[in-house]
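Subject: Structure handover

Hello,

Please find the structure below. My notes on what was found in it follow.

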Amino acid sequence: MYAELPTDPRPRGLAGTDEAGVGVQLGQRTAIYVYEAPVRLWHWVNALLIVVLIATGFFIGRPLPSMPGEASDAFLMGYIRFAHFAAGQALVVAYLARIFWAFVGNKHSRQIFYIPFWNARWWKEVVWEAKWYLFLVPEPKKYEGHNPLAHLAMFTMFNLTLVFLILTGCALYAEGQGQGSWWFAAFGWVIDLLGPNTLWVHTLHRAAMWVMLVFAIIHIYAAIREDIMSRQSMISTMLSGERMFKDDGQ
Ligand code: HEM
Ligand code: HEM
């Protein structure tokens with residue numbers, strides 16, 4: 001029905017200039033579309049919500065010193081708790097949407113939800129990447145999606161830690177909503193599991209916050225470091241979706 005379009009015969013070259021400043025063709029630089037728009041949108045929304053949850057959660061557990069004046073005039077902790085609950089519920093909705101996208105999106109949208117546990121070569125490359133991050137090997141490898149170490153970190157943080165934060169957070173919220181609420185019917189079992197009351201749920205929810213905070217700091221460091229030092233693009237890949245390989249065709 002439709003005639004096949006001829007492919008553009010011109011090479012997608014890497015533009016450059018020679019010593020005299022004249023434009024020259026350096027070779028091929030490949031770009032691969034990796035992170036689709038919903039994955040990128042989820043990334044930045046989720047990152048923002050987690051920052052809000054960490055900042056507000058910190059003060060829920062360690063409140064600010066008492067406010068001066070009439071107690072009924074101050075609602076600061078109320079606003080902080082409201083921001084936490086709203087961000088928490090938005091985070092759950094965003095996470096469910098992200099899981100949905102793993103079913104309908106490209107193969108990279110599924111990467112953070114599984115690890116090739118039985119693949120010895122993958123584990124070897126986890127160790128290789130760890131050495132690369134520690135400046136112990138001179139050359140990184142190239143990956144379309146997350147490198148194996150990042151893959152392992154994403155898998156652990158966003159299947160185990162984040163789900164744990166969601167379950168314990170919803171259980172704490174259920175306690176506030178009361179025993180007759182649907183929240184309690186859905187998440188009351190978490191309190192029973194970690195019980196006898198919500199003291200442990202609070203403590204573990206807070207401990208998981210520290211795990212998430214440490215991850216976020218290392219993750220941002222690694223994203224900037226790899227943007228500069230690795231053989232592929234990083235931060236722009238989470239903005240445009242395109243992964244560029246810096247040394248292709250050289
Ligand atoms: C990245 C995700 C999250 C982080 C880092 C986080 C962090 C925290 C922290 C540090 C606390 C204070 C715990 C304490 O010391 O007692 C807290 C309390 C709480 N969080 Fe979260 N949270 C997260 C997600 C959620 C979610 C998804 C919900 C569910 C809506 C939620 C609901 C609550 C509730 C109800 C409390 C107790 C509030 C109170 O006792 O006044 N959190 N959170
Ligand atoms: C300035 C802040 C941030 C920057 C520049 C950034 C950058 C990036 C980059 C470049 C990637 C892709 C890495 C790769 O291709 O292997 C990525 C992935 C990811 N980042 Fe961030 N990030 C930031 C903040 C955060 C925060 C605060 C969180 C949550 C705690 C987060 C969670 C994630 C997750 C879950 C992925 C995997 C996305 C997926 O495959 O679905 N990021 N980030």
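Phe135 is exposed because 8 other C-beta atoms lie within 10 Å of its own. The scale behind that word is this: a residue is buried if 20 or more other C-beta atoms lie within 10 Å of its own, exposed if 12 or fewer, and partly exposed in between, with C-beta atoms placed from the backbone. Phe135 is found in the loop between α3 and α4. Phe135 also has a positive phi of about 65 degrees, although it is not a glycine. As background, most residues other than glycine have a negative phi.

Before going further, note that this is a predicted model, in which local features need pLDDT of at least 70, side-chain atom pairs count only at pLDDT 80 or more, and totals for chains, interfaces and linings use all residues. Residues are numbered from 1 along each chain as its sequence is written, while chains are lettered from A and ligands numbered from 1 in the order in which they are written.

Overall layout

The secondary structure of the protein comes to 7 helices and 4 strands. Helices (H or I, at least four residues) and strands (E, at least two) are DSSP runs, numbered from the N terminus. Read from the N terminus on, the order of elements is β-β-β-α-α-α-α-α-α-α-β. Of the 250 residues of the protein, 16% count as buried. Two residues are in contact if their C-beta atoms, placed from the backbone, lie within 7 Å. Among contacts between residues at least 6 apart in sequence, 59% join residues at least 24 apart.

Ala37 lies in helix α1. Ala37 is exposed, because 11 other C-beta atoms lie within 10 Å of its own.

The helices

The expected span of a helix is 1.5 Å times one less than its number of residues. Among the buried residues of α4 are Pro148, His151, Leu162, Leu165 and Leu172. The buried residues of α4 pack against α2, α3 (120-133), α5 (182-194) and α6. Just after α4, Gly178 takes a positive phi of about 100 degrees.

The 29 residues of α2 should span 42 Å, and its end C-alpha atoms are 42 Å apart, which agrees. His84, Ala87, Gly88, Leu91 and Arg98 are buried in α2. Their cover includes α1 and α4.

α6 has 31 residues and reaches 45 Å from its first C-alpha to its last, close to the 45 Å expected. Its buried residues are Val201, His205, Ala208, Met212 and Glu226, and what covers them includes α1, α4 and α5.

The cores

A nonpolar core is a set of buried Ala, Val, Leu, Ile, Met, Phe, Trp, Tyr and Cys residues joined through C-beta atoms within 7 Å. Which residues make up the largest nonpolar core? There are 9 in all: Leu49, Ile50, Leu53, Ala87, Leu91, Leu162, Leu165, Ala208 and Met212. The elements that give two or more residues to this core are α1 (37-61), α2 (76-104), α4 (148-177) and α6 (199-229). α1 gives the most, with 3 residues. Apart from this core lies another, of 6 residues, among them Leu172, Ala174, Phe187 and Val201.

The ligands

A residue counts as near a molecule if its C-beta atom, placed from the backbone, lies within 6 Å of it. By that rule, 26 residues surround ligand 1, and the closest are Gly57, Gly61, Gly88, Gly169 and Leu172. α1, α2, α4 and α6 are the elements that give two or more residues to this shell. By class, the shell has 15 nonpolar, 9 polar and 2 charged residues. Here Ala, Val, Leu, Ile, Met, Phe, Trp, Tyr, Cys and Pro count as nonpolar, Asp, Glu, Lys and Arg as charged, and the others, Gly among them, as polar.

Around ligand 2 there are 22 residues, the closest being Ala47, His146, Ala216, Ala223 and Met238. α1, α4, α6 and α7 (237-240) each supply at least two residues of the shell around ligand 2. That shell has 16 nonpolar, 6 polar and no charged residues.

Regards
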